[in-house]
Each structure stands twice: as structure tokens, then as C-alpha cells.
Amino acid sequence: MTVDRERVRSLVRELLEAIGEDPERPGLRQTPERVADAYGEFFAGVGEDAAAPLAHTISISRGPAPETVPSGAVMLRGVDFRSICEHHLLPFRGVAHLAYLPGEQVVGLGALSKVVEVLAARPQVQERLGEQIADTIAASLDARGVLVVLDASHECVTMRGAQQKNATTVTIAARGELADPAARAELIALISLRGVQEPAAHGAQGPVAT
């Protein structure tokens, strides 16, 4: 789906008038055009197939070492992302840490970051974004488990209301074998090297030590 830039321009002009501004004053004259261009980027993922980047997989067993079989996880840490919170249309941004336990097939690492990019380029909430990333990877690959950890700062928290400027939100989505906190403890420990810890699960001993 392509953003209707002309309609966005018209609505931004109306919004400027609604807050008591003059859209014809020099500083605002180009604002509707700029906002339309920005929204074209921010919401480019609306209607896009997030699974498309994962369509091309790589066989492990049919390579130069056919006796090779997957054993541990594949992890991509520190994927930068930005999105727009659907509640206030304010940005939130942070890093995504992605891991999966491959079956016979793996995927190019750039494809994983592309999944994040497509799904983040929509009106979102962080909780849903992490779940959608996990679902897309789990459904597209023959993965035995998937783990997605997002750590983000929300301008609806840092700039309005309580204005907690240093607050970040961490969410975890897991599928398959990695839905078990004990099974993903090693991966959480690796992610924690970048400052993210696993919240204590009900009945668990507490977060993984860094």
C-alpha cells in the first residue's frame, strides 16, 4: 500500500490550522510536503509481506560439508529499528535481538533485519511488533525455536505525561523450544552483554546474571 501523500499534505495543513497556526507562514509553508514524505517512509510497511525476505533459504546439509547439521542457535544482535506508536503517532526506537534454532535451512542474516524493518514501518505497539517478528520467522523457516527481544525508548513516555527521559521498554517473544525460559537462558545471557536482562518468570530464580 502506498501512502497517499496528497491527502496527507491536505490533512497536515488542516492540522496546522486546527492548532492555531498559519500554514502559509514561511517556516510552515513546506511542512505538509515534508510530513507527507516522512510518512511515506514511516509507514512503508503497511500492506507489505514481512515474510518475503525469508523466501530464499540456504540448505546446511547440501553444502560443501553435507555431514554438517545444526546444533546451536543463530543470533543477530543490535538490529536498529524505529516505528510509530499507534496510540499517539509518536516515534519509538531501539534495538532488536533475534535468535532462532535452525532446522535444515538457514536464511541470510540481512533477511532477518528486513523482517524487522517491514513490520516496524507501520502504526505499532512494541508488544505486537515483537510477536509479529517471532511469528513471521517461525512460520517461514523450519526453526525449532525463535526468540525476539526488543529494547526501545518511546517518545510518548519520554516527552509527554510522566516524561521519564531514561526509561526503556523491553519485550520478549518466543516460539517453539525457546518458549521455555530455561532453554533460552544462554541466549538471554548473550543479549545481556548489551544491557538487556530476562525478567524473572513466575517461579523462576530471577534474571540471568551478566
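Author: By class, 8 nonpolar, 2 polar and 6 charged residues form the lining of the second largest pocket. Here Ala, Val, Leu, Ile, Met, Phe, Trp, Tyr, Cys and Pro count as nonpolar, Asp, Glu, Lys and Arg as charged, and the others, Gly among them, as polar. This is a predicted model, in which local features need pLDDT of at least 70 and side-chain atom pairs count only at pLDDT 80 or more, while totals for chains, interfaces and linings use all residues. Residues are numbered from 1 along each chain as its sequence is written, and side-chain values use heavy atoms, with hydrogens and water left out.

Reader: How much space lies in the second largest pocket, and which residues are the closest to its centre?

Author: A pocket is found on a 1 Å grid over the protein atoms alone, as an open set of points where a 1.4 Å probe fits, with protein on both sides within 12 Å along at least five of seven lines; lining residues have an atom within 4 Å of a point. Grid points are joined across faces, edges and corners, and the volume is the space filled by probe spheres set on the points. In this case the second largest pocket holds about 220 Å³. Of its 16 lining residues, A44, K114, E117, V118 and A121 are the closest to the centre. Strand 2 (74-85) and helix 3 (109-120) are the elements that give two or more residues to this lining, and helix 3 provides the largest share, 6 residues. Helices (H or I, at least four residues) and strands (E, at least two) are DSSP runs, numbered from the N terminus.

Reader: Which elements supply at least two residues each to the lining of the largest pocket?

Author: They are helix 1 (5-18) and helix 2 (31-42), and helix 1 gives the most, with 5 residues. The largest pocket contains about 410 Å³ of space. It is lined by 16 residues, of which V8, V12, V35, Y39 and F43 are the closest to its centre. By class, this lining has 12 nonpolar, 1 polar and 3 charged residues.

Reader: Is T31 buried or exposed, and which residues does T31 touch?

Author: Buried means under 20% relative accessible area, exposed over 50%, and partly exposed in between (1.4 Å probe, protein chains only). T31, which lies in helix 2, has a relative accessible area of 17% and is therefore buried. Contact means heavy atoms within 4.5 Å. Leaving aside residues up to four places away in sequence, T31 touches V12 and L16.

Reader: Why do the buried residues of helix 4 line one face of the helix?

Author: An α-helix has 3.6 residues a turn, so residues three or four places apart point the same way. In helix 4 (residues 126-140), the buried residues are Q126, L129, G130, I133, A134, T136 and I137. Seen down the axis of helix 4, these buried residues fall within an arc of 160°, taken from the directions from the axis to the C-beta atoms, so they line one face. They pack against strand 2, strand 3 (91-101), helix 3, strand 5 (123-124), strand 6 (145-154) and strand 7 (169-176).

Reader: Where is the place of E177?

Author: E177 is in the loop between strand 7 and helix 6 (185-192). Its relative accessible area is 42%, so E177 is partly exposed. Beyond residues up to four places away in sequence, E177 touches L101, R144, G145 and A183.
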